[in-house]
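Trainee: Could we go through this model together, one question at a time? I'd like to see how each answer is reached.

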Amino acid sequence: MICPLCAARVETEATACPACEMDLRDYAQVHYQPDAQFNEALRRLRRGQYAEAGALLAAVRAARPQDAEALILWAQAAHARSDDAEAVRILLDALELAPTPEVEAHYAAALAGLEAGAGAPTAALVDLAGRLRADIVRFEAQLHVQVEAT
Ligand SMILES: [Zn+2]
């Protein structure tokens with residue numbers, strides 16, 4: 001990594017900068033902990049520990065709210081433990097962040113999974129999610145119109 005104070009190159013495991021002696025332990029923790037948590041979440045997912053993976057990805061989300069990749073993985077963890085309502089909620093956030101075809105596909109799959117297992121309260125949620133999505137699309141279209149008008 002790069003020392004945030006003097007920009008010297010520092011070994012990843014170093015606890016202090018060799019050039020300016022800045023203590024790097026807290027810095028390294030803040031900057032690399034979400035990466036470590038993301039990787040640990042991947043390991044947990046492969047072992048079928050979906051709740052643990054979900055908790056780790058919730059922490060990544062808190063540290064990096066703009067990380068759509070972590071949201072997609074978090075939604076996969078929710079889907080894997082049959083919580084499609086949670087997966088849909090997470091992917092709605094991901095869609096606002098990154099409305100890419102990949103996220104759209106994950107969202108559509110999660111919504112289909114939710115509909116497939118829908119009881120009465122879940123059906124109401126599916127309906128709500130669909131309308132929220134429609135609102136987002138309409139809102140985005142309005143934004144585009146406003147941007148083009150100015
Ligand atoms: Zn330094």
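Trainee: Is Leu132 buried, exposed or partly exposed?

Mentor: First, a word on the model: it is predicted, so local features need pLDDT of at least 70 and side-chain atom pairs count only at pLDDT 80 or more, while totals for chains, interfaces and linings use all residues. Residues are numbered from 1 along each chain as its sequence is written. A residue is buried if 20 or more other C-beta atoms (placed from the backbone) lie within 10 Å of its own, exposed if 12 or fewer, and partly exposed in between. Leu132 has 15 other C-beta atoms within 10 Å, so Leu132 is partly exposed.

Trainee: Which helix holds Leu132?

Mentor: Helices are DSSP runs (H or I, at least four residues), numbered from the N terminus. Leu132 falls within residues 120-149, and that run is helix α6.

Trainee: How are α1 and α2 arranged, roughly parallel or roughly antiparallel?

Mentor: Axes are lines fitted to C-alpha atoms, for helices over the stretch in contact, and angles run from 0 to 180 degrees between N-to-C directions. The axes of α1 (residues 25-46) and α2 (residues 50-63) come within 8 Å and cross at roughly 160°. Angles under 35 degrees count as roughly parallel, over 145 as roughly antiparallel, 65 to 115 as roughly perpendicular and the rest as oblique. So α1 and α2 are roughly antiparallel.

Trainee: How do the residues of the contact of α1 with α2 divide?

Mentor: Residues are in contact if their C-beta atoms, placed from the backbone, lie within 7 Å; α1 gives Phe38 and Leu45 among others, and α2 gives residues including Leu56 and Val60. Ala, Val, Leu, Ile, Met, Phe, Trp, Tyr, Cys and Pro count as nonpolar, Asp, Glu, Lys and Arg as charged, and the others, Gly among them, as polar. The division is eleven nonpolar, two polar and three charged.

Trainee: How is α3 set against α4?

Mentor: α3 and α4 (residues 84-97) pack at an angle of about 165°, with their axes 8 Å apart. That makes the pair roughly antiparallel.

Trainee: Which residues of α4 are buried?

Mentor: α4 has 14 residues. An α-helix has 3.6 residues a turn, so residues three or four places apart point the same way. The buried ones in α4 are Asp84, Ala87, Val88, Ile90, Leu91, Leu92, Ala94 and Leu95.

Trainee: And how do α3 and α5 run, roughly parallel or roughly antiparallel?

Mentor: α3 and α5 (residues 101-116) pack at an angle of about 20°, with their axes 11 Å apart. α3 and α5 are therefore roughly parallel.

Trainee: Which residues make the contact of α3 with α5?

Mentor: From α5 come Val103, His106, Ala110 and Gly113. From α3 come Ala68, Ile72, Ala75 and His79.

Trainee: Is Pro65 buried or exposed?

Mentor: Pro65 is found in the loop between α2 and α3 (68-80). Pro65 has 11 C-beta neighbours inside 10 Å, so Pro65 counts as exposed.

Trainee: What phi does Glu21 have?

Mentor: Most residues other than glycine have a negative phi. Glu21, in the segment before α1, is not a glycine, yet its phi is positive, at about 65°.

Technical notes. Helices (H or I, at least four residues) and strands (E, at least two) are DSSP runs, numbered from the N terminus. Two residues are in contact if their C-beta atoms, placed from the backbone, lie within 7 Å. The expected span of a helix is 1.5 Å times one less than its number of residues.
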